[in-house]
Amino acid sequence: MVAFMSVKGEFSVLVAERVDLPGDIMTLSLTAPEGQTLPPFSAGAHVDVRVNSTVTRQYSLHGDPADPRAYQIAILKDPASRGGSAALHDGVRTGTALRIGAPRNHFPLAMDANFSLLVGGGIGITPMIAMAHALHAAGRDFRLHYCVTGPEKAAFTDVLSAASFADKVVINYDRSDAAPAFDPTRDLPAATDGMHIYCCGPTGFMDWILGAAEAQGHAKHCLHREDFGAEVDQSGTAFTVEAQRSGKMVEVVDGDTIAKALARIGITVDVSCEEGVCGTCLTDVIAGEIDHRDQYLTDEEKAEGTMMLVCCSRARSPRLVLDL
Ligand code: FES
């Protein structure tokens, strides 16, 4: 364990540099407080950044995984921010101390692929940059497509143009009033054994790219997506949640979440993505029927019915008893 890491796995870092880029994006270079080496990470990994006592947000690491001196993250200021990206944009400066979690990777690279196609839409380019570093260092064959609506939103063109793998990068400006510069129905390479395709960006963008790839015969297990930003339907019939250890009950109405309802009665559950992808809010279920709406648990774990993600999942039964 790194000396400055706490038992919860969080540790302090300093913002060595904040750079504001086009498209309401800021990049932060994070270093250990006394210049220690940071925990290693693999391409595709992200870190949880603590926003306040109960909220964290996940950001992909886009630096070179071979460089342990600093983590690079990029934060898009979301106009619909629920207190995460906007708070960080407003509160973080060069020199600010932040708490972050150790890198985790739900979006790993298959380093033995014959060819890797990396497609990043907007801020979704960030994990692709780390992947490109790793593939380039390993001498693997790949191509990186950066899809963005225009130069005024293209925060990463300078980084990509200066990268050691710049000759593998294609920048696509996809204006809404013109045909897409990168169209997967036209521009995907033909499916071959050992080819992997990675995509990160808005949900509709990923569906478009990977749906076209599947339709063209690319093997499903070779198609990979990063699901930050997944939209979760939180509508449904009201139900009651009983927090058994706390001896408290609360009603969860249509459009509400269990985590928010519990917070109103003083029971705090840590949340991060609030979209059912990270697992931070995993909670044991003692009784009741769960309406799973996350993308974190496996089908087998969902069928067991003994745990749930309370940031997004709901109940099919009128009452749910949680081990809280
Ligand atoms: S906070 Fe990420 S799954 Fe609930």
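Is aspartate 24 buried, exposed or partly exposed? I looked it up: aspartate 24 counts as partly exposed, because its relative accessibility is 49%. My cut-offs are under 20% relative accessible area for buried, over 50% for exposed, and partly exposed in between (1.4 Å probe, protein chains only).

**Ground rules.** I am working on a predicted model, where local features need pLDDT of at least 70, side-chain atom pairs count only at pLDDT 80 or more, and totals for chains, interfaces and linings use all residues. Residues are numbered from 1 along each chain as its sequence is written, and side-chain values use heavy atoms, with hydrogens and water left out.

**Aspartate 24, continued.** I placed aspartate 24 in the loop between β1 (10–21) and β2 (25–31). Its phi is positive, about 60°, although it is not a glycine. Most residues other than glycine have a negative phi.

**Whole chain.** I counted 7 helices and 18 strands. These are DSSP runs numbered from the N terminus: helices are H or I with at least four residues, strands E with at least two. Of the 324 residues, 50% count as buried. I noted that residues 24 or more positions apart make up 66% of the contacts with a separation of 6 or more. A contact means heavy atoms within 4.5 Å.

**Charges.** I found 27 positive and 42 negative side chains, the centres of the two sets lying 4 Å apart. Lys and Arg count as positive, Asp and Glu as negative; His and the chain ends are not counted. Each charge is placed at NZ of Lys, CZ of Arg, CG of Asp or CD of Glu.

**Helix α2.** I turned to α2 (residues 125–137), with 13 residues. Its span from first C-alpha to last is 18 Å, close to the 18 Å expected at 1.5 Å a residue. The expected span uses one less than the number of residues. Of the 13 residues, 11 are buried, including Met128, His133 and Leu135. I listed what covers them; among the elements are β4 (56–60), β7 (115–121) and α3 (157–162).

**End of α2.** Alanine 137 lies in α2 and counts as exposed, because its relative accessibility is 68%. I took its C-alpha distance to phenylalanine 165: 9.2 Å, at 28 residues apart in sequence. Just after α2, glycine 139 has a positive phi of about 70°.
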